[in-house]
Amino acid sequence: MPYIGKSPSFGVRNRFVYVATSGATSVSGADANGATLTFTDGAFVDVYLNGVLLKPTTDYNTTTANTIAGLSALNTSDEVTVVVYDVFAVADTVSATSGGTFSGGVTVNAGITMGGTTPTLTIGDAGAEDTKIVFDGNAQDYHIGLDDSADTLNIGKGSALGTTTAMTFDANGLILKPLQPMFDVSATASQSLSSGTITKITFDTENADINSDFDLSNNKFIAPIAGKYLLQAYLTFSTMGAGSGIGLLWYKEGSIYRTGYHQSTEINITHSISSTVIFNLAALDEIEIYAFQGSGSTETIGDANGVGSPSADNSNYWSGFLLG
Amino acid sequence: MAIQLYTKVKLYLEANSKTWEAEQGNIVLQNDGSGDYIKSWNVDGLDKPTDSQLASYETAGKTEEANHKIRQTRKTAYGDIGEQLDEIYKDIDAWKTRIKKIKDDNPKD
């Protein structure tokens, strides 16, 4: 609401009333209401004697600080009214209309809405320093920030930029998810498979296991979180006779989930079978790989002898990652 | 080498007038890393074999697996059936001689 005169907090016009004693030629200090006369510029003072406005420098002077002096000798009960006009400086504030700059921190205890034609929130001033937004949670904080030295945008856990980074975007648009669950295992030795028997495939080498979700001791992948996972496996079977069937079986929670099968029409050929599956898993669901061969004899698997692998190693492998 | 569970089950089926080929969809043999075992058995009219029944096929199983290996060796040596037909067309006696030698070199038990 507009107002004239005093605002609720700041005075712009102060009135002091003095009841004179006989012969006095000045007024100062506490007035009849206990208010103490003060002013910073004598030019912004009006002095009335019994309601008649006096003329500055002629009828009075303000040479002495906070004092109206040089009055003609007053009579008893003369009323001298001093009106002091003063301005309050609205220093170090930001205009609601024109905007401006806060040079210190600002706390807003309610929502912020950005309107206008192209609302833009800019964090940073092109300086060589990191910038970030911190989400201050009850149990866990997260941040989105610019790592200025690496020129990457990072999203991560905690309030400190660069710790527990879950995702980075670099200047070329390449996106990394360094903590995304992913594994790659292989077998450095062949494994025997009895004919007609669904046999669990074993691995002995973890080439990668981000988030440690692959249980190498028990040859199973354990989903760390509910989500979609892409898993792929490749198995190499030893030379088998014509008509020998081979199969790769994905087990989910101990039961067959997907099966791939191949029956040879060739004689004496090394077979392989691969499979890629997208699983919709619950947290802690377990995935295993089994294989089958029906040659009638015990055969080996994981033996790519003569295919650029003199040691016959690493021809059984399994990898996968969390899609989202 | 130990006899495969598959071989013993196959012989058990044959001893009871059934075949592995016909029943393999009703039987699941599995190995979770601690040896082969019968995970499920749904053969109509024939009970799942006991351990002692399976053990009784140890000797016959050795013979069966040895003969299977020989059959595979012979089959490989015989070669592609199309090539054999061409061989027969050109000189059937020479083909018979070659086949007999393969059989003689790889006798069954």
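## Salt bridges in chain A

The side chains of E286(A) and K220(A) pair up in a salt bridge, 2.9 Å from N to O; the term covers a side-chain nitrogen of Lys or Arg within 4 Å of a carboxyl oxygen of Asp or Glu. E286(A) sits in strand β22 (residues 286–293) of chain A and K220(A) in strand β17 (residues 220–222) of chain A, so the pair ties together parts that are 66 residues apart in sequence. Helices (H or I, at least four residues) and strands (E, at least two) are DSSP runs, numbered from the N terminus. E286(A) has 26% relative accessibility, so it counts as partly exposed, while K220(A), at 15%, counts as buried. For the cut-offs, buried is under 20% relative accessible area, exposed is over 50%, and partly exposed is in between, with a 1.4 Å probe and protein chains only.

A quick word on the model: it is predicted, local features need pLDDT of at least 70, side-chain atom pairs count only at pLDDT 80 or more, and totals for chains, interfaces and linings use all residues. Residues are numbered from 1 along each chain as its sequence is written, chains are lettered from A and ligands numbered from 1 in the order in which they are written, and side-chain values use heavy atoms, with hydrogens and water left out.

## Salt bridges in chain B

Over all chains, a search of the whole structure turns up 10 salt bridges. One in chain B joins the side chains of E87(B) and R98(B), at 2.8 Å from N to O. E87(B) belongs to helix α5 (residues 81–90) of chain B and R98(B) to helix α6 (residues 92–105) of chain B, so this pair links parts that are 11 residues apart in sequence. E87(B) is partly exposed at 22% relative accessible area, and R98(B) is partly exposed at 26%.

D105(B) also forms a salt bridge, with K101(B), and the closest N and O atoms are 2.7 Å apart. Both residues lie in helix α6 of chain B, four residues apart, or about one turn of the helix. D105(B) is partly exposed, at 48% relative accessible area. Then there's a network of salt bridges that links K10(B), E14(B), E64(B) and R71(B).

## Two helices crossing in chain B

Helix α1 (residues 5–15) and helix α4 (residues 58–78) of chain B pack at about 105°, with axes 9 Å apart. Axes here are lines fitted to C-alpha atoms, for helices over the stretch in contact, and angles run from 0 to 180 degrees between N-to-C directions. That makes α1(B) and α4(B) roughly perpendicular, the label for 65 to 115 degrees; under 35 is roughly parallel, over 145 roughly antiparallel, and the rest oblique.

On the α1(B) side, T7(B), K8(B), K10(B) and L11(B) meet E58(B), A60(B), G61(B), E64(B) and E65(B) of α4(B), where contact means heavy atoms within 4.5 Å.

## Buried loop residues in chain A

I201(A) is in the loop between β14 (197–200) and β15 (205–210) of chain A, and counts as buried at 0% relative accessibility. Beyond residues up to four places away in sequence, I201(A) touches several others, including L193(A), L235(A), I289(A) and I301(A).

S244(A) is in the loop between β18 (227–240) and β19 (245–252) of chain A, and is buried too, at 2% relative accessibility. Leaving aside neighbours within four places in sequence, S244(A) contacts H262(A), Q263(A), S264(A), G294(A) and S295(A).

## Where the chains meet

The contact between the chains takes 18 residues from chain A and 16 residues from chain B. Across the interface of chain A and chain B, the rule finds zero salt bridges.
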